[in-house]
Amino acid sequence: MPRYTVHVRGEWLAVPCLSSTNTIQWLGKEAVRRYMKNKPDNGGFASVEEVKFYIRRCKGLGLLDLDDTVGDALEDNEFVEVVIEGDIMSPDFIPSQPEGVHLYSKYREPEQYISLDGNSLTTEDLVNLGKGLYKIKLTPEAEAKVKQSREVIERIVNEQTVVYGITTGFGKFARTVIPNSKLRELQVNLVRSHSAGVGKPLTPERSRMLLALRINVLAKGYSGISLETLEQVIEAFNASCLPYIPEKGTVGASGDLAPLSHLALGLIGEGKMWSPKSGWADAKYVLEAHGLKPITLKPKEGLALINGTQMITSLGCEAVERAAAIARQADIVAALTLEVLKGTTRAFDTDIHAVRPHRGQAEVAFRFRSLLDSDHHPSEIAESHRFCDRVQDAYTMRCCPQVHGVVNDTIAFVKDIMTTEINSATDNPMVFAERAETISGGNFHGEYPAKALDYLAIGVHELAAISERRIERLCNPSLSELPAFLVTEGGLNSGFMIAHCTAAALVSENKALCHPSSVDSLSTSAATEDHVSMGGWAARKALRVIEHVEQVLAIELLAACQGIEFLRPLRTTTPLEKVYDLVRSVVRPWMKDRFMAPDIEAAHRLLVEQKVWEVAKPYIEKYRREHIPESRPISPTAFSLGSLRMNADVSHDHEHQDELQEL
């Protein structure tokens with residue numbers, strides 16, 4: 001017998017259908033009848049017949065013809081919504097699709113798996129899991145560790161040993177012993193009471209990341225969860241059944257209790273849940289639609305699901321990957337601006353950076369050389385001012401290796417901390433099967449990722465700060481020798497005038513967002529949790545800072561490409577011409593004023609999808625192969641020194657190559 005899940009005025013109703021020949025109108029009336037039956041005042045209706053409505057799918061919001069049969073129009077257990085005529089939707093109403101869910105309109109269930117063991121997950125893996133590119137399975141070693149850990153918990157329960165969180169209450173109630181008959185109820189109550197978050201729900205991608213990361217931590221075998229329960233969690237992940245997780249409410253110690261509790265709440269069949277198949281619905285219906293059952297928590301399992309830093313760290317992994325992507329592309333955008341402003345490449349000379357050998361600085365200088373080396377990639381623009389009397393450029397161009405470089409080193413530092421954190425056990429108490437005991441500690445404290453993400457925001461912000469100054473130089477005719485605001489018929493047209501204002505506004509906003517959240521702490525839980533990390537806000541604002549950086553650089557990218565128009569027919573280097581062509585494939589030149597926001601968004605999308613890097617990367621790597629000897633292993637020092645010195649005579653090049661060989 002087919003069954004459908006129908007949404008009526010905030011209520012989810014399961015409606016069985018005896019015959020597939022029943023119409024969509026019948027389904028709507030039956031859902032309204034059941035809705036009225038559950039309301040003391042019949043929902044304000046005298047009878048079902050007086051109710052006028054239309055029906056749409058929850059997925060995609062497509063309207064259904066009331067005369068079609070359910071067998072022809074719907075799949076078994078599909079989710080639909082009855083919209084009653086005259087109803088006004090509350091602005092707080094949870095839509096059938098969350099923000100950004102259009103990205104899932106082409107969702108295809110992945111066929112490939114990532115095997116998790118709790119020790120070898122990478123930040124890239126986690127981001128790809130968030131994108132829905134992989135399913136999850138456990139390694140045999142992880143399964144064995146989980147089983148051994150659970151045996152310790154079972155022994156504690158059977159022997160009625162007093163252990164925090166297993167046979168006692170939580171926080172201030174740690175000294176309250178709970179009888180064995182109520183240990184399961186204890187875990188359910190924990191999840192329900194701690195599901196106290198507020199704010200918008202995490203996007204599907206971020207919910208998947210959070211769920212995947214919690215699975216990885218549980219796979220380490222120090223949490224005491226049963227293998228049966230962990231496998232149910234994995235099944236929910238693989239079906240993309242994602243609980244409603246508000247983004248606000250964690251103080252980052254004892255772990256991310258509120259968001260992880262919302263995660264667990266959906267898994268036990270309570271609260272809201274989303275899947276590509278259902279849209280938003282009651283969790284129990286979403287699980288049932290995928291052939292899954294709600295988890296029945298055993299002793300310690302509620303605590304095992306909610307205690308840890310996975311909210312901070314999963315968002316932090318997205319932040320560090322996006323930061324790395326925009327940092328690489330910032331070098332390309334800045335190089336294009338330098339060409340438009342007719343800057344010199346002398347500041348990127350290898351010898352300058354060899355005597356201050358920070359890895360990030362040397363790598364950025366190398367990228368500039370690989371994109372601007374006129375001997376390797378002839379540039380008509382560079383040739384046009386070869387004999388000008390300019391000695392040196394402004395700091396915003398000359399000091400890119402030093403400024404962009406420390407951003408790269410910051411990202412590397414933060415990524416190292418994130419990689420350690422995503423493969424760490426962060427529960428309390430910890431279950432050590434080899435010692436057959438549990439130990440209470442503080443691995444749930446989020447200070448490590450919180451401090452790292454505050455540092456990341458401060459570091460990456462500088463890419464926007466220096467980019468905004470380059471945008472000013474491009475738009476200011478006294479500094480660029482280009483038309484004011486990069487447009488013809490200035491006055492009639494305003495060109496990039498307000499685009500620069502937008503960049504300035506974003507940079508200013510970032511200055512406030514870069515104030516470290518981890519310097520704050522408020523005592524909670526009746527002073528038992530008397531120092532906290534505030535890492536949840538550190539992670540969320542780091543992502544906001546990075547998005548602003550992407551948007552500022554998108555504006556610079558557009559401005560630099562517009563500047564190229566005023567230098568034609570001269571051409572820049574081959575890799576930068578490829579970048580120009582990429583931008584022009586989505587944004588046409590600015591001949592006169594037009595609606596600019598879509599252009600900024602299009603350029604932003606190129607950066608987010610790393611298209612700019614994809615275009616330039618082959619040229620950068622080819623230059624690297626040709627300028628670093630292949631006859632020896634590349635040490636970190638030699639790698640950071642990069643290519644041969646530019647604009648030097650041949651004899652000096654050979655001499656410097658000999659120096660590189662000696663390292």
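Modeller: This is a predicted model. Take Cys-561 to begin with: its sulfur lies 13 Å from the closest cysteine sulfur, in Cys-475, which is too far for a bond.

Colleague: How many disulfides does a search of the whole structure find?

Modeller: The search finds 0 disulfides in the whole structure. Cys-241 is in none either, as the nearest cysteine sulfur, in Cys-58, is 15 Å away.

Colleague: Why is Cys-241 called buried?

Modeller: Buried means under 20% relative accessible area. Cys-241 has 0%, so Cys-241 counts as buried. The value for Cys-561 is also 0%, and Cys-561 therefore counts as buried by that cut-off.

Colleague: What percentage of the residues in the protein chain count as buried?

Modeller: Of its 663 residues, 55% count as buried. The accessible surface of the chain comes to about 28,500 Å², with 52% of that belonging to carbon and sulfur atoms.

Colleague: What makes β8 an edge strand?

Modeller: Strands pair if there are at least two bridges between them. β8 (242-243) is joined to β10 (residues 272-275) by 2 bridges, so the two count as paired. Pro-243 stands opposite Met-273 in β10. The open sheet has 3 strands in the order β8-β10-β11, with antiparallel pairing. β8 and β11 (279-282) each pair on one side only, and they are the edge strands.

Colleague: How do you know that β1 and β2 are paired?

Modeller: The cut-off is at least two bridges. Strand β1 (residues 3-8) and strand β2 (residues 11-16) are joined by 6 bridges, so they count as paired, and they run antiparallel. His-7 stands opposite Trp-12 in β2. The hairpin of β1 and β2 has 2 residues between the strands, and Arg-9 there takes a positive phi near 45°.

Colleague: How many helices and strands are there in the protein chain?

Modeller: The protein chain has 25 helices and 13 strands. Its C-alpha trace spans about 85 × 65 × 45 Å along the principal axes.

Methods: Residues numbered from 1 in each chain as written. Predicted model: local features only at pLDDT ≥ 70, side-chain atom pairs only at ≥ 80, totals over all residues. Heavy atoms only, no water. Helix = DSSP H or I, 4+ residues; strand = E, 2+ residues; numbered from the N terminus. Buried < 20%, exposed > 50% of the residue type's maximum accessible area, 1.4 Å probe, protein only. Areas by Shrake-Rupley, 256 points an atom, 1.4 Å probe, with all protein chains shown as cover. Disulfide = S-S within 2.5 Å.
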